[in-house]
Amino acid sequence: MRDYYNVKINLPGGIASPGYLKDILTAAWHANVRKVRFGSRQQLLMSVFYEDMRFLEKDLKKSGIFYEMNTDRQPNIVSSYCGEEVFRTGQWLNANEYHSVLDTFDYDPALKINISDSNQSFTPFFTGNLNFISSPEPHFWYLYVRNKQTNTVYKWNDLVYTNEIGRLAKVIEDCMLSGDYCEEESLYDLVKKKIRYVSQPASSDLELPSFSLPYYEGFNRYESRTWLGLYRRDELFPIEFLLDVCALCLKTRIGEICITPWKSLVIKGIEDHHRTDWSNILGKHNINVRHAANELAWQTEDHNEDGASLKNDLIHYFDKHDMRTFGLCFGIQTKAKSEVFGSVLIKKRPLLRMGELAMFHVYDIYYTENFNPNSRTQLLFEKGLYKIHVAAQLEKLCRRFNNQRSREHFKVAPPETDDAKLAIKIVALIYQCPDCLTVYDPEYGDAAQNIAPGTAFEDVPETYCCPTCDASKTEMTATELNKSTLSELPVS
């Protein structure tokens, strides 16, 4: 087997000029690279064979392009700029503001930094160590800090002015990496001694927007122009195709190509009279668009064929069973210290080790609080699953999510007659399965499991389970229900 290097090139904010990207791709082509991919932190990734690496190094150094081999000591800056204009939020944040923030970074960060619009849900808020999120005050930003290799996020005491972000981030990074502080207040006090910056008191907390992943592929109209989203099922983009994309951008005066955290591309500002040219490029390279939405809602680790393979297996199961996954996004984590973005997380872990070698693996399924992927609270759904059982348990969790959303939005019209008003007051306490909505009603018991009518739920044996989906007794939740509507629900 030939040895190869994994090469990473940062594209700050997920923004690449067509000329800059063309230089990178041309150097890669000369080093016999034929396909590249984009990472979850909006960086460019490629695998280069050992004997060809010298050609790539020579060309990249000649062009002044920084790169890393088999390391990630300087993570890319992530931003939500890729969705700006395309997925309108109506806030003060615009393209010029993003560029102003990115221009304040005159160094290459060693910590992960995220720049996010607070009103969007297309890119993650808290996957960085320093997470700057737009506030209601124009030109001022929340800062949420997460220590390295921890899951705890805390709010900085100040709102930070746009033009101060890079300077402040550098001082905070130096303090965090020096180890001169222990807790959040000591870090804040230490930074305040080292730097003065324009700020406002952060009097209120950030309100997380409800999550909804917009469809980000294909040709889509906005204002008087069109944007094009490009996704690849195997995450690999042919260099010949990307070189044609760069050439057409230069020809039609499109100044930026945007990389998303979903490992896809967004090209904005396509004029109507150039739409045919873009269609022709897709046809020339046989590039498909308009994949199913449930296939686009996944994140896997970079350079990880194991996660990508599991993703494809699960998508196939979803399609076969015609599952509804709207409102959810999924992340697959196969390495303990990696991070993926998702409201549902599938984590692979070793069950049996022989020395340093993992001999056997199982999978745990988590979901985030309120199924919002920006929440840092992860709740265990199932653990210790064999790989063949993961898909069925995900289906069960999807049903729970859909049932929960239905209950939150379903409203019963008020009664119009006196008799109906009397009936509405007759309320029973029943116990409902969160997955399939089957109920246990003490009035009727459960003849199929030898539970007599009138048996209180507390007196039902601990081995009792839902007769429809086999959920355990402990999972069933107490619910007040108008008896007049009981016949509309599946009753055990």
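Analyst: Strands here are DSSP runs (E, at least two residues), numbered from the N terminus. The model is predicted, so local features need pLDDT of at least 70 and side-chain atom pairs count only at pLDDT 80 or more, while totals for chains, interfaces and linings use all residues. Residues are numbered from 1 along each chain as its sequence is written, and side-chain values use heavy atoms, with hydrogens and water left out.

A pocket is an open set of points on a 1 Å grid over the protein atoms alone, where a 1.4 Å probe fits and protein lies on both sides within 12 Å along at least five of seven lines; its lining residues have an atom within 4 Å of a point. The largest pocket has 48 such residues. Asp72, Lys112, Lys337, Ser338 and Glu339 lie nearest the centre of this pocket. Three strands, β1 (4-9), β20 (344-354) and β21 (357-368), each supply at least two residues of its lining. Of the strands, β20 gives the most, with four residues.

Lys347 and Tyr366 make a charge-ring contact: the charged end of Lys347 sits over the ring of Tyr366, 4.6 Å from its centre. For such a contact, NZ of Lys or CZ of Arg must be within 6 Å of the ring centre and within 35 degrees of the ring normal. Lys170 likewise lies over the face of Tyr107, at 5.7 Å from the ring centre.

Next come the ring pairs. The structure holds 26 aromatic pairs. Phe105 and Tyr107 form one of them: their ring centres are 6.0 Å apart and their planes stand at 40 degrees, so the pair is tilted. Rings of Phe, Tyr and Trp (its six-membered ring) pair if their centres lie within 6.5 Å; planes under 30 degrees apart count as stacked, over 60 as edge-to-face and the rest as tilted. Phe105 is buried at 12% relative accessibility, and Tyr107 is buried at 14%; buried means under 20% relative accessible area (1.4 Å probe, protein chains only).

Tyr440 and Phe457 are also tilted, because their planes are at 50 degrees, with the ring centres 5.8 Å apart. Tyr440 belongs to strand β24 (residues 439-440) and Phe457 to the loop between β24 and β25 (477-482), so the pair ties together parts 17 residues apart in sequence. Tyr440 is buried, with a relative accessible area of 0%, and Phe457 is buried at 8%.

Elsewhere, ring pairs join Phe87, Phe122, Phe211, Tyr216, Trp227, Trp262 and Phe341 into a cluster.

Key:
Buried < 20%, exposed > 50% of the residue type's maximum accessible area, 1.4 Å probe, protein only.
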